[in-house]
Amino acid sequence: MKKEDLIKNRKLLIVALLLVVVLFWSRISEALSFLTGILKPFILGGALAFILNLPLSFLEKKVFRNLKGRGEKFKRPLSIFLSLVFVLLLILILLLTVVPEVISAFESIISSIPSLVTRVESWSNDVLTPVLKNNPELLKSLETNWDSLLSKSLSFLKDGLSALLSSTLVAANSLISSITSFVVALIFAIYVLGDKERLERQFRSLLKAYTSKEAEEYVLHVFSVLHRSFSSFISGQCLEAVILGSIFILVLSILRFPYSVMIGVVVMFSALLPIVGAFIACFFGAFIILLSSPVKALYFVVIFLIIQQLENNLIYPRVVGSSVGLPALWVFFAVTLGGALFGVLGMLFFIPVFSAVFVLLKEDVGRRIRLKEEKENAPRKVQ
């Protein structure tokens, strides 16, 4: 078959596949959702393995690199264990920083309830009672059919308890399912980390058996670029979170806001989620400060918006964009498109994917330009 015919057949095949996807998208979407639901623990396990592989590689190459002989067989299990401990310590730091402060805030609210009741009672005696005495029509309009109110209240409580019981059962079932999926994902991640070299060899063997030499090299190159992009993205995202959290701790401490350290830590962890994390941190910080001072809560929202604008336009594109080698414009585009299509996971996933596509496209453009220049500069044969 001629090369032109082969290219033509490939184009026709691509057009046919696109038509099939467009015509049967609803069924394809249902099938993908069903398949994703089944594979969800393993997808999550693969993501956990990739994240845990970063500290694991550091431990093996830097900390335990001198383990030889009998000690070498303990290098991988010990590195996996310490990587898990590291992640658990981060979660524990978050809990130990946030939970006590939240408990303290609610204790402050509870302790202020008696004084609040006293103020309400004083206001009622000083303002409300004279108004009602001087306006008998208003007092009469406030009279209520207590039997009807009691009946409606009992009906509301009955419906509410039934809905609460149903919601509790659904939540319990969802919690058990989530815990089970996480345990399966964690076990899968540990197996992947423990046997990653063999898995890599098996993947290379499959490529060697079923593809040409050129295709094998290109696929391995693509996976290498993807691995580098995702690794750089995770490290850049963590660096950006630390910078943003430190800025909040510093600014709120200087301005003497309550719970400045706790809010900074929450901002630090929530910043790992692009865009959505900002709303979570803003709501949490404003709510906690509102318990102490409504005016400071309003000031906090203003300060948060100012810092968030600096983060969105300066810190995030430069720190994360430079770490993955993606221009700031395309970082913004990737976050927006990923969030619109797949929500939070799309935001996290699209930045390194766009970075890999950007690198591969840049390489291909450079290669094609060089070939054209070589062809144009090549000496022509004399007729």
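This is a predicted model: local features need pLDDT of at least 70, side-chain atom pairs count only at pLDDT 80 or more; totals for chains, interfaces and linings use all residues.
Let me start with Ser-270, which is found in helix α8, residues 260-270, where helices are DSSP runs of H or I with at least four residues, strands are runs of E with at least two, and both are numbered from the N terminus. Residues are numbered from 1 along each chain as its sequence is written, and side-chain values use heavy atoms, with hydrogens and water left out.

Is Ser-270 buried or exposed? Ser-270 counts as buried because its relative accessibility is 10%; buried means under 20% relative accessible area, exposed means over 50%, and partly exposed lies in between, with a 1.4 Å probe and protein chains only. Setting aside neighbours within four places in sequence, Ser-270 is in contact with Gly-277 and Ala-281, a contact being heavy atoms within 4.5 Å. The C-alpha atom of Ser-270 is separated by 7.0 Å from that of Ile-280, ten residues apart along the chain. The side chain of Ser-270 also reaches the backbone oxygen of Val-267, at 3.1 Å.

Now to the packing of α8. Two packed helices are described by the angle between their axes and the distance between the axes. The axes of helix α7, residues 213-254, and α8 come within 8 Å and cross at roughly 160°, the axes being lines fitted to C-alpha atoms, for helices over the stretch in contact, with angles from 0 to 180 degrees between N-to-C directions. That angle makes α7 roughly antiparallel to α8, since angles over 145 degrees count as roughly antiparallel, under 35 as roughly parallel, 65 to 115 as roughly perpendicular and the rest as oblique. On the α7 side the contact includes Ala-241, Leu-244, Phe-248 and Leu-252, and on the α8 side it includes Val-261, Gly-264, Val-267 and Met-268. By class, the contact of α7 with α8 has eleven nonpolar, five polar and no charged residues; here Ala, Val, Leu, Ile, Met, Phe, Trp, Tyr, Cys and Pro count as nonpolar, Asp, Glu, Lys and Arg as charged, and the others, Gly among them, as polar.

Which residue is found in the loop between α7 and α8? Arg-256 is found there, and Arg-256 counts as exposed because its relative accessibility is 68%. Its phi is near 60°, a positive value in a residue other than glycine. Most residues other than glycine have a negative phi.

Helix α7 has other partners. The axes of helix α2, residues 25-63, and α7 come within 11 Å and cross at roughly 75°, which means that α2 is roughly perpendicular to α7. Here Phe-50, Ile-51, Asn-53 and Leu-54 in α2 meet His-227, Phe-230, Ser-231 and Ile-234 in α7, and these divide into five nonpolar, three polar and no charged residues.

With helix α6, residues 196-210, the axes of α6 and α7 come within 9 Å and cross at roughly 145°. Phe-203, Arg-204, Leu-207 and Lys-208 in α6 meet Glu-216, Val-219, Leu-220 and Phe-223 in α7, with five nonpolar, no polar and three charged residues in the contact.

Terms used
A polar contact is a pair of N or O atoms within 3.5 Å; within protein, one must be able to donate a hydrogen and the other to accept it, and residues adjacent in sequence count only if both atoms are side-chain atoms.
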